[in-house]
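The following note sets out some points for a colleague who is new to this structure. Please read each point with the model in view.

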Amino acid sequence: MLLGAAFLWLPFAAQRLERAEAAGGLSGRGILLVATLARLALLPLPPTLSDDALRYLWDGKVATAGSNPYALSPDAAELASLRNKNWQRLPHRDVPTVYPPLAITAFSIATRLPFPLLGWKTLAALADLATCALLLVLARRLGIPAARTVWYAWNPLVVLEVAGMGHVDALGVAAMVGTVFSLTRSARGRWAGAAAWAAAGVLAKLAPLAALPLWSRQSGRPWRFLAAALGLVALAVLPVLAATGGVPPGLIRYGVSWEFNGPLFEPLWRLLDAAGAAPALKTLLDRVKEWTGAYEAWNSLYPYLYPQLLAKALLGLGMLAAVAASLRDRDPVAGTGKLFGALLLLSATVYPWYLLWVLPWAALARHTAWRALSGLILLAYLPKIAGVPMMPWVFASIWVPFAVLLLAGRGWALTPRPPLPPPPVLPGEGEEES
């Protein structure tokens with residue numbers, strides 16, 4: 001209820017701040033001060049809506065102990081000596097970690113602090129405040145009203161998911177905004193700073209991998225950008241791949257098994273199921289086996305022919321198309337927002353905190369649909385809080401209003417600050433002296 005009230009208050013606050021800015025009375029420090037106080041208020045909040053932060057600390061504890069969190073799940077007998085009272089609450093105890101090396105390093109630092117959970121949430125909140133500060137500077141650089149940044153800096157969803165629940169996405173989002181911040185600079189070597197930020201984003205959470213082609217094109221030195229960014233990523237990731245013998249099993253499990261609240265995924269797999277897509281493909285595979293005679297080779301595909309995985313494969317192709325289409329975008333802010341928005345809509349898993357990847361750009365562009373979704377997505381917690389089924393009514397309550405606003409909105413076009421009106425001419429001014 002409090003979050004809903006805070007969200008309803010946000011449009012009025014943003015509007016008043018834009019008026020104050022137009023009159024020359026807005027302070028960026030004031031925006032940051034309120035953002036800081038809001039995060040401080042939620043730091044003591046226990047992680048009741050999500051237990052991901054407990055998993056972060058476990059993974060950091062495993063790494064600090066010299067074990068491999070990419071190969072050993074929390075249930076592994078080799079880690080029995082590390083178990084504590086929080087071990088019982090860990091999510092997905094049978095799955096090794098899915099978090100990249102920079103995230104694991106941050107988790108390890110937090111485990112060494114006197115109060116690990118509070119320490120981790122503080123680190124995440126500091127990264128988030130850095131995002132707020134970068135957005136303020138970026139808005140002024142682009143001639144966009146800085147007051148728009150409150151749609152991120154003061155957004156109840158952002159404050160809840162970062163300072164309250166301590167989601168690691170705060171680190172990746174800060175690096176993403178740092179990348180775009182560097183790309184908008186006029187400096188000649190801007191590609192180097194942007195590449196370093198982009199690599200940090202990938203190593204905090206893998207989502208920015210999809211934006212590397214877009215950002216490299218916008219850097220002015222695409223091959224240098226890609227070489228630097230991918231080189232830094234490879235230095236950190238290759239030891240992980242070597243230790244696990246390939247792609248970490250946790251990532252494979254995530255890609256195949258995770259699904260929650262995907263706006264296109266949920267209706268698509270049900271449509272494929274109703275159309276009998278899986279049985280039709282199995283029949284086709286039977287004929288291919290008979291034609292080729294390679295029975296053993298084709299038999300391995302049968303377990304993957306089910307509606308949910310087929311839907312994920314189709315949406316994966318859609319993601320590749322979104323990445324390819326993003327190469328046409330020349331504006332780093334609008335292009336990044338459009339790309340991450342498309343990836344989110346095509347994802348099979350859309351937790352509320354995933355929206356943090358889109359909100360910085362929706363704030364600057366005043367994108368009505370995505371800003372509204374930052375309030376609507378809080379309904380996704382109803383199944384956990386009240387035991388209400390997600391499908392169909394909670395799902396529809398989130399995505400139908402968003403779809404209406406998305407279709408009716410003006411998209412990602414940035415609208416710079418309108419010029420201030422000239423000062424009024426006082427009586428007697430401008431007249432020639434007699």
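1. The second largest pocket holds about 260 Å³ of space. A pocket here is an open set of points on a 1 Å grid over the protein atoms alone, where a 1.4 Å probe fits and protein lies on both sides within 12 Å along at least five of seven lines. Its volume is the space filled by probe spheres set on the points, which are joined across faces, edges and corners.

2. This is a predicted model, in which local features need pLDDT of at least 70 and side-chain atom pairs count only at pLDDT 80 or more, while totals for chains, interfaces and linings use all residues. Residues are numbered from 1 along each chain as its sequence is written, and side-chain values use heavy atoms, with hydrogens and water left out.

3. The lining of the second largest pocket comprises 13 residues; Ala6, Ala38, Trp154, Pro156 and Val159 lie nearest the pocket centre. Lining residues have an atom within 4 Å of a point. Two or more lining residues come from each of helix 1 (2-22), helix 2 (28-42) and helix 7 (156-164), and helix 1 gives the most, with five residues. Helices are DSSP runs (H or I, at least four residues) numbered from the N terminus.

4. Which classes of residue make up the lining of the second largest pocket? Twelve are nonpolar, one is polar and none is charged. Nonpolar covers Ala, Val, Leu, Ile, Met, Phe, Trp, Tyr, Cys and Pro; charged covers Asp, Glu, Lys and Arg; the others, Gly among them, are polar.

5. Helix 2 also packs against helix 5 (residues 116-142), at an angle of about 160° with the axes 10 Å apart. Axes are lines fitted to C-alpha atoms, for helices over the stretch in contact, and angles run from 0 to 180 degrees between N-to-C directions. The two helices are therefore roughly antiparallel (over 145 degrees). Residues in contact (heavy atoms within 4.5 Å) include Ile31 and Ala35 of helix 2, and Leu129 and Leu136 of helix 5. The contact of helix 2 with helix 5 has nine nonpolar, two polar and four charged residues.

6. Helix 5 meets helix 3 (52-64) as well: their axes come within 10 Å and cross at roughly 105°. Helix 3 and helix 5 are therefore roughly perpendicular (65 to 115 degrees). Ala53, Tyr56 and Leu57 of helix 3 make this contact with Pro116, Leu117 and Trp120 of helix 5. The residues of the contact divide into six nonpolar, no polar and no charged.

7. Helix 9 (residues 190-204) and helix 11 (residues 222-244) have axes that come within 8 Å and cross at roughly 35°. Among the contact residues are Trp191 and Val202 in helix 9, and Arg224 and Phe225 in helix 11. By class, the contact of helix 9 with helix 11 has 15 nonpolar, no polar and one charged.

8. Two backbone details deserve attention. A cis peptide bond, with omega about 0°, joins Met391 and Pro392, and Pro392 is found in helix 21 (residues 390-408). His92, in the loop between helix 3 and helix 4 (101-111), has a positive phi, near 55°. Most residues other than glycine have a negative phi, and most peptide bonds are trans.

Notes
Angles under 35 degrees count as roughly parallel, over 145 as roughly antiparallel, 65 to 115 as roughly perpendicular and the rest as oblique.
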